[in-house]
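Please look over the sequence and the model shown here before reading on.

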Amino acid sequence: LRLLSVGRLAAPQLARSQAEGSIVQGIGYALYEGRQIDQASGQVLTTGLEDYRIPGIADTPDMDIHFDESGFEHVPGGAVGLGEVATVPVAAAIANAVHNATGSRIYEIPMRPDRLLAMLSMRIAS
Amino acid sequence: MNVLQTLPEFCAGGTDLSERRRSGISRGQIVDLIPTDTMTGIAWGPDGAARIGALVTIETLASDPRVRNAYPGFAAAAASLATPQIRSVGTLGGNLAQRSRCGYFRNPHLACLKKGDRICPARAGNHLYGVAFDLGPCVAPHPSTLAAALLAYDATVTTNERSGLTIGDLLGDGSDGAVDNTLKPGEHIIHVDIRAPRDGERAGYHRVISRTYAEWPLVEAIVRVVFAGQRFEFALHNRSCNSLPATPAFIPEKRARIVAERFLIPPFGGSNPPAQAARRVSWCSTTRCAPATTPCASN
């Protein structure tokens, strides 16, 4: 469920589509995307989508999107852009879900399995 | 230092090769494979054993009803790897002979053991996906999922120059960091033989990835259990822990049980281990083999 406050919608269908795409991109940002470099040379090691991973269609959730069109009456046209606005909170939402599931907070993205395991083993150790 | 590969290479499905051509690390001649009937088909022996051609696609291995019945762990491994597009053109031989997926090897600007250098730069550098630190000079695991599966099935490989190669013979033990396999220049895989399934044989394959589909595994394991002889075979190919060989290998039974219990099947033990194990193996959605004929009764 996503509630977005972005002002008046000029094109509701496009806005919904944009928000859905933003959520998928936000999942990539939260869970998968990470550029790996060779520290000695600066060469990028993740040069394809095989290594620089983004979500597949099966990794996307059911999305229920609602818009609150008020709050931007002072802006000409009463609206603002919504792409980045909709992308950024996804990582925080998933980190909250991790906290809800495990009781621990993860502060690094992407939230890779090795980072989750490290976080959980630190908690077990302490 | 030879950062680029200039030896001739065979092209099967080309899913690995085309990427290395585009990046520029493969610069030698490309040699087409002549698709003979042996190389493109699956032949079944009278005892129910399969001879699978090197050019049979991964999609065929995953979907062929007779392969799925006889070797369910192998078929499940084939179905789990890569994407539908890759499976439809990638081949059995190409999967076994594919090159390392290490980012250092794949980068045309960096030298590594597999490109003629004397050290593995990932060892001291970025080795997020490197796992084979203690048992060989190159830290990257061998990428072939089918090799791990075929190891569990005791398969043998025939090339145009050698026959009866085990998966260990084909891939080596990882002690030579310069190579991904023992195929010599001009040598290519013709077919793979898998013996007939035994009565009472079951198998399961499990792959841990962080996406739903289409990712190199963090860990993958195949287990093949033959209840008749209470034999327990286990092959593990692991990308998440240290101290593992670069090539797929059986792991000692004690450790195999620990891994099996944690990842595949809850603990063995109790009064009737085969029945218990059967129940638990089915828990990880494994399938009972359906031998074409009655195979050898005991082993």
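The sections below go from the whole chain to a sheet, a pair of helices and single residues.

The model is predicted. Chain B contains 13 helices and 12 strands, and of its 299 residues 53% count as buried. Among the contacts in chain B with a separation of 6 or more, 58% are accounted for by residues 24 or more positions apart.

## An open five-stranded sheet

Five strands of chain B form an open sheet in the order 3-4-7-5-6, and the pairing is antiparallel. Strand 3 (42–44) and strand 6 (165–166) of chain B stand at the edges, and because each has a single partner strand, one side of each is left without a neighbour in the sheet. Strands of a sheet pair through backbone hydrogen bonds, in either a parallel or an antiparallel manner.

Strand 7 (residues 189–194) of chain B pairs with strand 5 (residues 156–159) of chain B in the antiparallel sense, over four bridges. Within this pairing, Thr158(B) stands opposite His191(B), while Thr156(B) stands opposite Asp193(B). Strand 7 of chain B is also joined by four bridges to strand 4 (residues 50–53) of chain B, and these two strands run antiparallel; here the bridge partner of Ile52(B) is Val192(B) in strand 7. As for cover, strand 7 of chain B is mostly covered, with six of its six residues buried.

## A pair of packed helices

How do helix 5 and helix 10 of chain B run, roughly parallel or roughly antiparallel to each other? Helix 5 (residues 72–80) of chain B packs with helix 10 (residues 145–152) of chain B at an angle of about 175°, and their axes are 9 Å apart. Since angles over 145 degrees count as roughly antiparallel, helix 5 and helix 10 of chain B are therefore roughly antiparallel to each other.

On the side of helix 5 of chain B, the contact is made by Phe74(B), Ala77(B) and Ala78(B), which meet Thr145(B), Leu146(B), Ala149(B) and Leu150(B) in helix 10 of chain B. By class, this contact of helix 5 with helix 10 of chain B has six nonpolar residues, one polar residue and no charged residues.

## A buried loop residue

Asn181(B) lies in the loop between helix 11 (167–171) and strand 7 of chain B. With a relative accessible area of 12%, Asn181(B) is buried. When its neighbours within four places in sequence are left aside, Asn181(B) is in contact with Ala97(B), Leu170(B) and Leu171(B). Asn181(B) and Leu33(B), which are 148 residues apart in sequence, are 18 Å apart in space, C-alpha to C-alpha.

## Backbone features in loops

In chain A, a cis peptide bond joins Ile109(A) and Pro110(A), with omega about -5°. Pro110(A) is placed in the loop between helix 3 (89–102) and helix 4 (113–125) of chain A.

Note on methods. Residues are numbered from 1 along each chain as its sequence is written. Chains are lettered from A and ligands numbered from 1 in the order in which they are written. This is a predicted model: local features need pLDDT of at least 70, side-chain atom pairs count only at pLDDT 80 or more; totals for chains, interfaces and linings use all residues. Side-chain values use heavy atoms; hydrogens and water are left out. Axes are lines fitted to C-alpha atoms, for helices over the stretch in contact, and angles run from 0 to 180 degrees between N-to-C directions. Angles under 35 degrees count as roughly parallel, over 145 as roughly antiparallel, 65 to 115 as roughly perpendicular and the rest as oblique. Contact means heavy atoms within 4.5 Å. Ala, Val, Leu, Ile, Met, Phe, Trp, Tyr, Cys and Pro count as nonpolar, Asp, Glu, Lys and Arg as charged, and the others, Gly among them, as polar. Two strands pair if DSSP finds at least two bridges between them. Buried means under 20% relative accessible area, exposed over 50%, partly exposed in between (1.4 Å probe, protein chains only).
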